[in-house]
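I opened this chain to look up a few local features and to note how its elements pack. The entries follow in the order in which I looked things up.

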Amino acid sequence: MSCVLHGGGRARRPPVAAMNRVSILMYHQVGRFAPMRAHRANYCDQSRFARQMALLAALGCRVLSLEQTVAGLCGVTPLPPRALSLTFDDGYAEFMTAALPTLQRYGFTATVYVIAGWLGRRMIWRGPDPRRLRPRLLNATQLRALHAAGIAIGSHTSSHRPLATLAPAEQREELSASRARLEDLLGAPVLHLCYPFGSFDARTLALAAEVGYRSAVTCLQGAATPADHPLCLPRKAISFGDTLPGYAWKLLVKHAPTPALRTWRVHAALPAAGGGLRP
Ligand SMILES: [Zn+2]
């Protein structure tokens, strides 16, 4: 993590110890769905979700906020064994009934990344696809209730466009306006970001740092380690088709970084994240 390694240079790094690793799990919509073949990583059956959370509790996993995860990866605080974070992209209204009660049963926190310009509307996908669900997104009242319940609200930008395809000024606007809107709505800092479609480049990271984000999650696959930049954190996608053994395997065994993640880990001259978390 560059707050320790200052830019993540190309030096050979020692193997990651088990306690130096956090699995950041990526969910999208939790609810009840008809069987599906496409876009499966966007859905999780709520009964299956309840069994997954029960498994985390049974295994003694420690569910950390993104704040705690970044502090642990930066070496500011020690990381517990079997540390993980739960993240939910897009901010679906169904989270209130399909996921929140289960999280509260086990005392688990989570981060929900919302599209600040679309609150209370229906999800809009890129390109017409009449077969695809267009579920309702969380509204301002629901976001305040989640914040009060200890669920962190992060930015998923203002309009859910792939940032790397935008001009720098547009990227900056997406990052800063969404943060300002959510902070105004919640009356609290919004320090955590999620790149729509996992789309970002080095300029995006620099802009996210300038705007003041402390962390940003990607769709790069692997466990997060101190080798990762806080604005380029990998996750593990949980899919509609994941059985409980498959889920346990992703959580406990499947830590290796994909080649794309390896490439980012050696990316030179990454900026420092916002929020002043240097040890
Ligand atoms: Zn999204």
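I looked up Ala-167 and found it exposed, with 9 other C-beta atoms within 10 Å. For burial I used C-beta atoms placed from the backbone: a residue is buried if 20 or more other C-beta atoms lie within 10 Å of its own, exposed if 12 or fewer, and partly exposed in between. The model is a predicted one, in which local features need pLDDT of at least 70 and side-chain atom pairs count only at pLDDT 80 or more, while totals for chains, interfaces and linings use all residues. Residues are numbered from 1 along each chain as its sequence is written.

Ala-167 sits in the loop between strand 7 and helix 7. I took helices (H or I, at least four residues) and strands (E, at least two) as DSSP runs, numbered from the N terminus. From Ala-167 to Arg-203, 36 residues apart in sequence, the C-alpha to C-alpha distance is 9.9 Å.

Next I went to Pro-168, which lies in helix 7 (residues 168–186). Pro-168 is exposed, because 12 other C-beta atoms lie within 10 Å. Its C-alpha atom is 7.8 Å from that of Thr-204, 36 residues apart along the chain. Leaving out residues up to four places away in sequence, Pro-168 touches Arg-203 and Leu-207. I counted a contact where two C-beta atoms, placed from the backbone, lie within 7 Å.

**Helix 7 against helix 8**

I then checked the pair as a whole: helix 7 and helix 8 pack at an angle of about 35°, with their axes 10 Å apart. Axes here are lines fitted to C-alpha atoms, for helices over the stretch in contact, and angles run from 0 to 180 degrees between N-to-C directions. The crossing of the two is right-handed; a crossing is left-handed if the near helix is turned anticlockwise from the far one by less than a right angle, and right-handed if clockwise. Helix 7 contributes Pro-168, Gln-171, Arg-172, Leu-175, Ser-176 and Arg-179 to the contact, and helix 8 contributes Arg-203, Thr-204, Leu-207, Ala-208 and Val-211. I sorted these residues into 5 nonpolar, 3 polar and 3 charged. In that sorting Ala, Val, Leu, Ile, Met, Phe, Trp, Tyr, Cys and Pro count as nonpolar, Asp, Glu, Lys and Arg as charged, and the others, Gly among them, as polar.

**Positive phi values**

His-160 lies in the loop between strand 7 and helix 7, and counts as buried because it has 22 C-beta neighbours inside 10 Å. Phe-197, also not a glycine, has a positive phi of about 60°. I placed Phe-197 in the loop between strand 8 and helix 8 (202–211); with 14 other C-beta atoms within 10 Å, Phe-197 is partly exposed. Gly-75, which follows helix 3, has a positive phi near 85°.

**Strand 1**

How many residues of strand 1 (residues 22–27) are buried? I counted 6 of the 6, so the strand is largely enclosed by the rest of the structure. Val-22, Ile-24 and Met-26 are buried on one side, and Ser-23, Leu-25 and Tyr-27 on the other.

I looked up the strand's partners, taking two strands as paired if DSSP finds at least two bridges between them. Strand 1 pairs with strand 5 (residues 83–90) in the parallel sense over 6 bridges, and Met-26 has Thr-87 as its bridge partner there. Strand 1 also pairs with strand 10 (residues 233–237) in the parallel sense, over 2 bridges; Leu-25 is bridged to Lys-236.

**Helix 3**

I found helix 3 (residues 66–73) mostly covered, with 6 of its 8 residues buried. These are Leu-66, Thr-69, Val-70, Ala-71, Gly-72 and Leu-73. The buried residues of helix 3 pack against several strands, among them strand 1, strand 5 and strand 6 (111–114).

**Whole chain**

Last, I took the totals. The chain has 10 helices and 10 strands, and buried residues make up 42% of its 279 residues. Of the contacts with a separation of 6 or more, 69% are between residues 24 or more positions apart.
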